[in-house]
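I opened this structure to look up a few things and kept short notes. The entries follow in the order I made them.

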Amino acid sequence: VQSEAYAWNGRRLDAQEFEAAGAYVDACFDRIHAAKDELDCAVADLFPNPGPWHRQFEEAFLLKQGLPATMSSAHDFAAYVWEGDDWPVIDGLGDLVARAADGIRAELSTAARKIDWSRRGVSVETDRGTIEARQAIVTVSMGVLQSGLIRFDPALPDWAQAAIDGLPMGSMNKIVVGFRRNVFGDLEHSLWMASTADKQAVECVIRPGGEDIEIGRASCRERV
């Protein structure tokens, strides 16, 4: 049973097409990593003469990065450290976080509005009062930082604000469907990517960990 498959507008590529497409996609990713010693550029600029399977590469890249190759830094992608496969957490990532935080006090529904770091230590103004601490770790998304929902006093340094403004949010929607019985037959843990002429890339992970579930992901080619 083939563990990975490409499809184009509803038609599954045959074995020869799949081998050619896979080899081309792998070569494109190798080209990005080779560019780490060159001047930085958009990933798309590394391929002035794209091959016939370039759409498959663009979709694979979009599904990894959440942004199209035209908007992604080659250096940024090449710097990512890949360590094995990405395995979903069967019980859900929330359960993993809850177990890791066991015994740690956490307040939910407590939005932070302002972080004052003008003196020794920090104070964080929230909807439920002010918290004083030696340090604060800010882990909100780039979208929240770009929105200005959290004010900093004093303002963040120019270099930090420039980095925040220059890092766009990726677009990725994910849905998990669970089945009460095996509807996949003898299909093992598989990855399917369905290329279309639409504005999004779609990928399905079938039976991860041998469980009767399917994980669908979709990324938009255009930033919205």
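The model is predicted, so I kept to its limits: local features need pLDDT of at least 70, side-chain atom pairs count only at pLDDT 80 or more, and totals for chains, interfaces and linings use all residues. Residues are numbered from 1 along each chain as its sequence is written, and side-chain values use heavy atoms, with hydrogens and water left out.

Strands next. I found strand 4 and strand 5 antiparallel, joined by five bridges; two strands pair if DSSP finds at least two bridges between them. The hairpin from strand 4 to strand 5 passes through two residues. Strands here are DSSP runs (E, at least two residues), helices are runs of H or I with at least four, and both are numbered from the N terminus.

I then turned to the second largest pocket. A pocket is an open set of points on a 1 Å grid over the protein atoms alone, where a 1.4 Å probe fits, with protein on both sides within 12 Å along at least five of seven lines; lining residues have an atom within 4 Å of a point. I noted about 570 Å³ of space in the second largest pocket, a volume being the space filled by probe spheres set on the points. Its lining has 19 residues, and Thr110, Ala112, Val124, Ile131 and Ile137 lie nearest the centre. Strand 3 (112–116), strand 4 (122–126) and strand 5 (129–133) each give two or more residues to this lining. Strand 4 gives the most, three residues.

Last, the aromatic rings. Rings of Phe, Tyr and Trp (its six-membered ring) pair if their centres lie within 6.5 Å; planes under 30 degrees apart count as stacked, over 60 as edge-to-face and the rest as tilted. I counted seven aromatic pairs by this rule. Phenylalanine 29 and phenylalanine 57 are edge-to-face, 5.3 Å centre to centre with 70° between the planes. Phenylalanine 29 lies in helix 1 (residues 15–34) and phenylalanine 57 in helix 2 (residues 54–65), so this pair ties together parts 28 residues apart in sequence. The rings of phenylalanine 57 and phenylalanine 61 have centres 6.0 Å apart and planes at 45°, so that pair is tilted.

Buried or exposed, I asked of phenylalanine 57? Phenylalanine 57 is buried at 0% relative accessibility, where buried means under 20% relative accessible area (1.4 Å probe, protein chains only). Phenylalanine 29 is buried at 11%.

Key
Buried means under 20% relative accessible area, exposed over 50%, partly exposed in between (1.4 Å probe, protein chains only).
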